[in-house]
Amino acid sequence: MGLAALFAGAAAMASPASAADTIKIGSSLAITGPASFLGDPEAKTLELYVKKINEAGGVNGKQLELVVYDDGANANNARTFATRLVEDDGIVAMIGGSSTGATMAMIPVFEDAGIPFISLAGAVVIVDPVKPFVFKTPHTDKMACEKIFEDMKAKGIAKVGMISGTGGFGKSMHGQCLGVAGNYGIEIVADETYGPKDSDMTPQLTNIKSAPGLQAVVNPGFGQGPAIVTRNFKQLGFDVPLYQSHGVASKSFIELAGDAAEGVRLPASALLVAEKLPDDDPQKAVVTSYKAAYEEATGQPVSTFGGHAYDGLMMLVEAMQRAGSEDPQAIRDELEKTSGFMGTAGVVNMSPSDHLGLDLTAFRMLEIRDGDWVLAD
């Protein structure tokens, strides 16, 4: 169901709202702090589209009520807020968890309460193994490794250096890349890490540069670390490609990395190149519509992270409509049946054994050119 149809359907079921006629949805996001580039657009997106949905009549004749907390990507704060959302706020569903660490801290709370939780974080461990009430919208770190190595293999690249962040996402993606490298004939010839507070990665990159036969470098991580890696990479005069993860898929990365970002390749959603997609691309209408609405409402450039929140909210609303109910179990059951949903991340087909529902075709390989994203050659 498209966005226009969704709003039209909601309006058709509209009725005057009272305090008893609201459906409470919870969210805990990294709105401030080092991961605010994730949580800020996610929060703005949820607020924007809850308002749009309510103006169009709400869901099943009721208005949505969004309860948002700022966990700053702190796992302890996230778990506290999750408990509050369940025990005090009385939510029926949850969209949030900007970071992997915050998400993993919240999962036991929502699993125990039997409340569907749609995470906006990247690591595959969130949905593998499958947990009954946990879903997620972003492509996984494992998929990012596979898309990067697929691109490398097509270019004849076999000897690769890795430099990874030690945070939840970077550590997880590092492990996933090691696990799938052999499937693509990739040999990891250097393997370095950096901490979240490191401000210079020159020593680690110098080690990588001296690795025999080095043909490319990949950097699992998000936040400021990858921008520092990118600047140091240029300063050291590497003559091989640098691949980043989808964890840097926002304009803030390009701004932080500056001219050094030129030529960086990464897997990301079509949202970053919305207007550059061919007119016959089935995803174009969704991503251009969201991009225009977000940028008009906020005055800020769109990022894939806000798109993850959009996808989560729209899938949740459609599940509630199909269920004809705000019963958490009924919502969970319908979320698991999500099929053919076209979101900013791609086409989603979930099942009892797949609570993500995306495949590698949902990723686009992008390159940064002249300070902007383009579809990579």
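Start by selecting the buried residues of helix H4: Thr100, Ala102, Thr103, Ala105, Met106, Ile107, Val109 and Phe110. Keep in mind that you're looking at a predicted model. Now show what surrounds them: these buried residues pack against strands E1 (22–29), E3 (93–96), E4 (117–119) and E5 (134–136), plus helices H3 (75–89) and H6 (168–180).

Next, colour the whole of H4, residues 100–113. Look along the helix for a kink of about 35° at Met106, shortly before the proline Pro108. Then step just past the end of H4 to Gly114, which has a positive phi of about 70°.

Now switch to the strands. In what order do they line up in the sheet? The open sheet has five strands in the order E2-E1-E3-E4-E5, and their pairing is parallel. Strand E2 (63–70) and E5 stand at the edges with a single partner strand each, so one side of each has no neighbour in the sheet.

Zoom in on E3 and E4, a parallel pair with three bridges. Pick Ile95 and you'll find Ile118 of E4 standing opposite. Bring the helices back: H3 packs on the sheet and touches E1, E2 and E3, with its direction at about 150° to that of E2. H4 lies across E1, E3, E4 and E5 and runs at about 165° to E4.

Time for the inside. In soluble globular proteins, nonpolar side chains tend to be buried together. Here the largest nonpolar core has 115 residues, and those with the most contacts inside it are Leu64, Phe149, Met152, Val217, Leu313 and Met320. Helix H11 (residues 304–323) gives the largest share of this core, nine residues. Another core, of five residues, lies apart from it; Ala30, Ala35, Phe37 and Leu38 are among them.

Click on Phe149 next: leaving out residues up to four places away in sequence, it touches Cys177, Val180, Ala181, Tyr184 and Ile186.

Last stop: Asn54, in helix H2 (residues 36–55). Is Asn54 buried or exposed? Its relative accessibility is 15%, and buried means under 20%, so Asn54 counts as buried. Beyond its neighbours within four places in sequence, Asn54 is in contact with Gln63 and Leu64.

Notes: Residues are numbered from 1 along each chain as its sequence is written. This is a predicted model: local features need pLDDT of at least 70, side-chain atom pairs count only at pLDDT 80 or more; totals for chains, interfaces and linings use all residues. Side-chain values use heavy atoms; hydrogens and water are left out. Helices (H or I, at least four residues) and strands (E, at least two) are DSSP runs, numbered from the N terminus. The expected span of a helix is 1.5 Å times one less than its number of residues. The bend at a residue is the angle between axes fitted to the seven residues ending there and the seven starting there. Buried means under 20% relative accessible area, exposed over 50%, partly exposed in between (1.4 Å probe, protein chains only). Contact means heavy atoms within 4.5 Å. A nonpolar core is a set of buried Ala, Val, Leu, Ile, Met, Phe, Trp, Tyr and Cys residues joined through side-chain atoms within 4.5 Å. Two strands pair if DSSP finds at least two bridges between them. Axes are lines fitted to C-alpha atoms, for helices over the stretch in contact, and angles run from 0 to 180 degrees between N-to-C directions.
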